Amino acid sequence: MPISSPLAQLPIRRLTSDDLLACADLSENRGWYREEYKWGLLLTAGTGYGIDDPSGNGLAACSVVTSYGPGLAAIGMVLVAERYARQGVGRRLMQHVVEEAGDTPLTLYATANGQPLYEQLGFTETTRAEMVRGHFTFSTPAPAVPVRPATADDLQAVLRLDHEIFGLDRTHMITRLPAFADHLRVAEEDGEITGFAAAWPNMDTHVIGPLIARDTPTAQALFASLAAVSDRPLRTDIDVRHTVLLRWAKENGIDSIATTSLMVRSLPDLPGDWRRRFAPLTVAAG
């Protein structure tokens with residue numbers, strides 16, 4: 001149905017924390033996990049946009065934008081209720097989000113279904129990410145890099161390292177990690193923090209992210225340290241260019257379940273250093 005259809009003209013409003021259950025219902029409607037815990041973070045740390053279902057039954061569509069200042073904003077959780085799919089509703093919502101962003105560059109993770117629309121809106125693929133999940137078996141040991149639980153005294157060093165590697169200030173997200181995550185670990189050598197990683201609860205899994213490290217052995221040590229304190233399956237998204245980490249994770253029982261495209265708009269690539277950025281804080285593909 002073309003963008004001029006009545007459904008595609010429905011008003012768009014800002015979402016609040018009161019919309020959390022409606023967002024989770026929409027996730028479930030499209031075969032995603034409900035992810036209420038992640039929705040809680042995204043709706044408080046970011047800006048949610050929604051289209052109310054004209055039938056009065058929850059939301060017809062939604063999305064969340066997490067801002068990192070004028071340099072970048074990340075779009076996630078782009079969902080359209082199954083009964084309104086392919087009727088211009090998603091395009092209407094995405095056009096609104098892009099217009100609201102103005103000159104701010106945008107990024108998102110796209111499924112195969114969503115990628116054609118995003119390409120039409122000016123997004124280009126820069127790389128792909130592999131979503132992996134499973135019980136960690138410790139079959140292939142991690143390198144012997146010192147890792148310990150993070151403390152409050154580590155926060156400033158973690159923020160500096162994240163800013164250096166991510167390329168933008170994520171203070172408003174990283175400072176939420178101690179309360180949001182079940183486990184937060186740092187790698188430290190000769191008194192210097194060389195990486196950090198968090199594991200946070202999501203349905204029946206622990207999601208690993210962010211995972212920031214100076215090199216692959218440090219990333220492996222952080223990953224294994226989190227696996228050692230979790231009794232749940234682990235889930236994360238790893239840039240496919242990190243072939244060593246992916247191969248090692250699969251040797252330890254972490255299997256591939258999906259692949260998404262990392263896309264950007266108004267940028268040639270994401271800022272920062274992808275070689276030291278192993279897993280994002282949250283991934284929300286659409």
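Q: What does the accessible surface of the chain come to, and what share belongs to carbon and sulfur atoms?
A: In this predicted model, the accessible surface of the chain is about 12200 Å². Carbon and sulfur atoms account for 50% of that area.

Q: How many helices and strands are there in the chain?
A: The chain holds nine helices and 13 strands. Its radius of gyration is 19 Å, close to the 19 Å that the globule rule gives for 286 residues, so the chain is as compact as a globular protein of that length.

Q: And what does the C-alpha trace span along its principal axes?
A: The C-alpha trace spans about 60 × 35 × 30 Å.

Q: What percentage of the residues is buried?
A: Buried residues make up 55% of the 286 in the chain.

Q: Of the contacts between residues at least 6 apart in sequence, what percentage joins residues at least 24 apart?
A: For those contacts the figure is 73%.

Q: Turning to charge, how many positive and negative side chains are there?
A: There are 26 positive and 34 negative side chains. The centres of the two sets lie 3 Å apart.

Q: Now strand 10: how many of its residues are buried?
A: Strand 10 covers residues 205-213, and nine of the nine are buried, so the strand is largely enclosed by the rest of the structure.

Q: Which strands pair with it, and in what sense?
A: Strand 9, residues 192-202, pairs with strand 10 in the antiparallel sense over seven bridges. Strand 11, residues 234-239, runs parallel to strand 10 and is joined to it by two bridges.

Q: Which residue in strand 10 is the bridge partner of Phe 196?
A: The partner of Phe 196 is Ile 212. Towards strand 11, His 206 stands opposite Leu 234.

Q: Where is the cis peptide bond?
A: The cis bond runs from Gly 209 to Pro 210, with omega near 0°. Pro 210 is itself placed in strand 10.

Q: What about the turn between strand 9 and strand 10: how many residues separate them?
A: The two strands form a hairpin with two residues between them. Met 203 lies in this turn and has a positive phi of about 55°.

Q: Is Met 203 buried or partly exposed?
A: Met 203 counts as partly exposed, at 45% relative accessibility.

Q: Where is Met 77, and what is its phi?
A: Met 77 is in strand 4, residues 73-80. Its phi is near 55°, a positive value in a residue other than glycine.

Q: Buried or exposed, that Met 77?
A: Met 77 is buried, with a relative accessible area of 0%.

Methods:
Residues numbered from 1 in each chain as written. Predicted model: local features only at pLDDT ≥ 70, side-chain atom pairs only at ≥ 80, totals over all residues. Heavy atoms only, no water. Helix = DSSP H or I, 4+ residues; strand = E, 2+ residues; numbered from the N terminus. Rg over C-alpha atoms; globule rule 2.2 N^0.38 Å. Buried < 20%, exposed > 50% of the residue type's maximum accessible area, 1.4 Å probe, protein only. Contact = heavy atoms within 4.5 Å. Areas by Shrake-Rupley, 256 points an atom, 1.4 Å probe, with all protein chains shown as cover. Lys, Arg positive; Asp, Glu negative; His and termini not counted. Charge placed at Lys NZ, Arg CZ, Asp CG, Glu CD. Pairing = 2+ DSSP bridges.
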